[in-house]
Amino acid sequence: MKVTVFGIGYVGLVQSAVLAEVGHDVLCVDIDEEKIERLLQGHVPLYEPGLETLVRENHAAGRLNFTTDAAEGVRRGEVQFIAVGTPADEDGSADLRYVLAVAETIAEHMERHQVIVDKSTVPVGTADRVAARVAEILARRGREELTFEVVSNPEFLKEGSAVADCMRPDRIVIGTTSRDAEEVMRELYAPFNRNHEKIIVMDPHSAELTKYAANCMLATKISFMNEMASLAEMLGADIELVRRGIGSDPRIGYDFIYAGAGYGGSCFPKDVQALIRTAENIDFDAKLLRAVAQRNKEQKTSLYKKISHHFEGDLQGRTFAIWGLSFKPRTDDMREAPSRTLMEALWNAGARVQAYDPEAMEEAQRLYGNRTELTLCGTKEAALKDADALVIVTDWQAFKAPDFEFIRQQLRQPLIFDGRNLFEPGRLQRKGITYYSIGR
């Protein structure tokens, strides 16, 4: 099947590469000429395990191509994916200008029946707005005879395992009331639906809400555990033992119940706020979602508060080694990352940072440029040199079994602040290291 994907960001590029991998003919369209040129040369603009190989191999095979020519994209594709960004507006709502701009582009150039697929994370009712915008442009062109369907097809990708999630999805949500559009989508996703039935068909409004509800549920689990961690600290309990105790209940499970320094990334913070704004627009008070967002905001300051308390507020001139800048392992994404909250608070207090991350160094350089109070180090060991303490913010595998004696030798004092509870407190105490973690 010939597929066009508008938007070659995180979702669009992963989806395009995976569709090409199973044999579809995929054309990616983006307005960023430099990005297109780099992709044509085999350079993937983001880090995601397995993605670069997938892009290069399928481009070489002729199944995956890139262009800035929107008209060509509309001409070629039997299915038109909209996978552009929906950044948070000033009030927290999702900004749909890019989604609607693509809808207009498709309507301007279409000359036959089209199935238009909303892949972007969008508020409930967006499929209706896209359909209305397409119909408006077709009427303006005098081409009301052209038919189309708008389908909601939300993504459920986890950064760091997006390729695997896309190749082996646990569910494929298709929001449409059209039997014809459903059949097109079933044909498109047939290679991913052979093992057992994964396709769930529903109306577009329900599909749009499903995406937000899923992310908000996961964010709620994280904020709940972080609240329990704060209670555990005050009550003399260990949140890691509590986690094991409640996770053994199959109704709860072990996923997303790790206490830590707060959630970040491009999805959870934005989607929680967007659903809160959607609720406000219909005069519904989303009390639980507002509490989830507020708890996470406070949790991102937890490491700084522990550091400031230990040093009795005297951070001027001190240096801190930070391990982990991305919001989670296996990605270079620093959007809403707890590391940013921590570093900016340390800088405001007069401290310096020596930071290391396995993948996010270029992103940190892009975000912060050359600052005297930030040193980006080539190894995790280099970041330790003469620092007053080590602070662990992201739970990369490379941080989970360090040489503690080397850490002691490099730091000015044996002191670790762990925002991901990687180590056993008793073990570090026996090694003579002062250890602060979350909820223990």
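Biologist: Where does the largest share of the lining of the second largest pocket come from?
Modeller: This is a predicted model, where local features need pLDDT of at least 70, side-chain atom pairs count only at pLDDT 80 or more, and totals for chains, interfaces and linings use all residues. Residues are numbered from 1 along each chain as its sequence is written, and side-chain values use heavy atoms, without hydrogens or water. The largest share, four residues, comes from α9.

Biologist: What is the volume of the second largest pocket?
Modeller: On a 1 Å grid over the protein atoms alone, a pocket is an open set of points with protein on both sides within 12 Å along at least five of seven lines, while a cavity is a set where a 1.4 Å probe fits but cannot get out. Points are joined across faces, edges and corners, and a volume is the space filled by probe spheres set on them. For the second largest pocket the volume is about 250 Å³.

Biologist: Which lining residues are the closest to the centre of that pocket?
Modeller: Lining residues have an atom within 4 Å of a point. The second largest pocket has 13 of them. Closest to its centre are S230, E233, Q299, S302 and K305.

Biologist: E233 is in that group. Which residue forms a salt bridge with E233?
Modeller: A salt bridge is a side-chain nitrogen of Lys or Arg within 4 Å of a carboxyl oxygen of Asp or Glu. For E233 the closest N and O atoms of the pair are 2.6 Å apart. E233 sits in helix α9 and its partner in helix α13, 73 residues apart, so the pair links distant parts of the chain. The partner is K306.

Biologist: Is K306 buried or exposed?
Modeller: Buried means under 20% relative accessible area, exposed over 50%, and partly exposed in between (1.4 Å probe, protein chains only). E233, at 35%, is partly exposed. K306 has 15% relative accessibility, so K306 counts as buried.

Biologist: How many residues apart in sequence are the parts tied together by D91 and R277?
Modeller: The D91 and R277 side chains meet in a salt bridge (3.6 Å, N to O). D91 lies in the loop between β4 (79-82) and α5 (97-109), whereas R277 belongs to helix α11 (residues 268-281). D91 is partly exposed at 39%, and R277 is partly exposed at 21%. The parts they tie together are apart in sequence by 186 residues.

Biologist: Where do E182 and R186 both lie?
Modeller: Their side chains meet in a salt bridge at 3.0 Å, N to O. E182 is buried at 14%, while R186 is partly exposed at 26%. The two are four residues apart, about one turn, and both lie in helix α8 (residues 179-189).

Biologist: How many salt bridges does the count come to?
Modeller: Some are linked in a network, made of E104, R133, E136 and R140. By the rule above, the count of salt bridges comes to 37.

Biologist: Which element gives the most to the lining of the largest cavity?
Modeller: A search of the whole structure finds one cavity of 30 Å³ or more. The volume of the largest cavity is about 30 Å³. Its lining is D118, S120, T121, V122, S152, P154, A207, E208 and K211. With three residues, the element that gives the most is α9.
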